[in-house]
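Please view the sequence and structure first.

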Amino acid sequence: PSPARGPEPDSPTSKDIQNLPQLVSAINSSNPEVQLEATLRIRKLLSLEDNPPIAEVIQAGVVPRLVEFLRSADHSKLQFEAAWALTNIASGTTEQTHVIIQANAAPVFVELLRSGNEDTRDQAVWACGNIAGDSPPCRDYLLGLGVLPALAEVLTQQQQQPGSGAPRLSLLRNSAWAISNLCRGKPR
């Protein structure tokens with residue numbers, strides 16, 4: 001048998017959870033490179049398969065800053081990492097999803113469905129799918145923000161991009177999944 005593989009060098013550890021106060025300080029830095037590194041580390045913490053520290057990250061108070069980074073179109077990597085971190089928070093409990101809504105991330109995610117950056121657009125699709133799948137009130141809120149026409153645009157853009165080759169299958173699948181979450185439950 002082959003030896004057990006250890007964690008990747010940059011994978012999150014319990015030390016990162018203990019260092020959350022330092023990550024909070026870094027995320028609040030004015031240096032975009034420091035912000036990006038801290039956001040990346042927080043996103044990786046939230047991407048842990050077993051018990052991601054969603055509650056701890058929320059309690060650390062970084063959600064408003066992450067939402068601010070969603071609006072950073074001039075820093076596409078920072079925008080993408082913030083979107084991914086918030087998407088992971090939205091995959092948590094109903095209360096955790098509501099934190100994302102209360103921080104006004106949902107309207108920004110709907111806007112990002114029209115982003116020129118395909119990776120950011122894909123994360124926005126995931127986030128909208130997570131929010132819509134949480135509950136009928138969350139779904140209705142997104143529908144009121146115009147998420148359905150924006151998702152339909154994502155699908156048609158993927159089909160109509162000349163010279164782009166085959167459409168990005170993951171984006172098509174994720175969009176179909178997000179739309180299916182918009183169809184769950186009884187409408188109001």
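Predicted model: local features only at pLDDT ≥ 70, side-chain atom pairs only at ≥ 80, totals over all residues.

Q: How many helices and how many strands does the protein chain have?
A: From the N terminus on, the elements run α-α-α-α-α-α-α-α-α-α-α-α. The count for the protein chain is therefore 12 helices and 0 strands.

Q: Among contacts between residues at least 6 apart in sequence, what percentage joins residues at least 24 apart?
A: The protein chain has 188 residues, of which 45% count as buried. Among the contacts between residues at least 6 apart in sequence, the share that joins residues at least 24 apart is 68%.

Q: Is helix α5 mostly covered or mostly uncovered, and how many of its residues are buried?
A: The buried residues of α5 are Val63, Arg65, Leu66, Val67, Phe69 and Leu70. Their cover includes α2, α3, α4, α6, α7 and α8. Helix α5, which spans residues 63–70, is mostly covered, and the number buried is 6 of its 8 residues.

Q: Which residues does Phe109 touch, not counting residues up to four places away in sequence?
A: Phe109 is one of the core residues that touch the most other members. With residues up to four places away in sequence not counted, Phe109 touches Leu70, Ala83, Leu86, Thr87, Ile100, Ala124, Ala127, Cys128 and Ile131.

Q: Why are helices α9 and α10 oblique to each other?
A: The axes of α9 (residues 118–134) and α10 (residues 136–144) come within 5 Å. The contact is made by Cys128, Ile131, Ala132 and Asp134 of α9 and Cys138, Arg139 and Leu142 of α10. These residues divide into 5 nonpolar, no polar and 2 charged. Because angles from 65 to 115 degrees count as roughly perpendicular and those over 145 as roughly antiparallel, the two helices are oblique at a crossing angle of roughly 135 degrees.

Q: Why does Asn130 count as buried?
A: Asn130 lies in helix α9. Leaving aside neighbours within four places in sequence, Asn130 is in contact with Thr87, Ala90, Ser91 and Trp177. Buried means under 20% relative accessible area, so Asn130 counts as buried at a relative accessibility of 15%.

Definitions and conventions
Residues numbered from 1 in each chain as written. Heavy atoms only, no water. Buried < 20%, exposed > 50% of the residue type's maximum accessible area, 1.4 Å probe, protein only. Helix = DSSP H or I, 4+ residues; strand = E, 2+ residues; numbered from the N terminus. Contact = heavy atoms within 4.5 Å. Axes fitted to C-alpha atoms, helices over the stretch in contact; angles between N-to-C directions. Parallel < 35°, antiparallel > 145°, perpendicular 65-115°, else oblique. Nonpolar A, V, L, I, M, F, W, Y, C, P; charged D, E, K, R; others polar. Core = buried A, V, L, I, M, F, W, Y, C linked by side-chain atoms within 4.5 Å.
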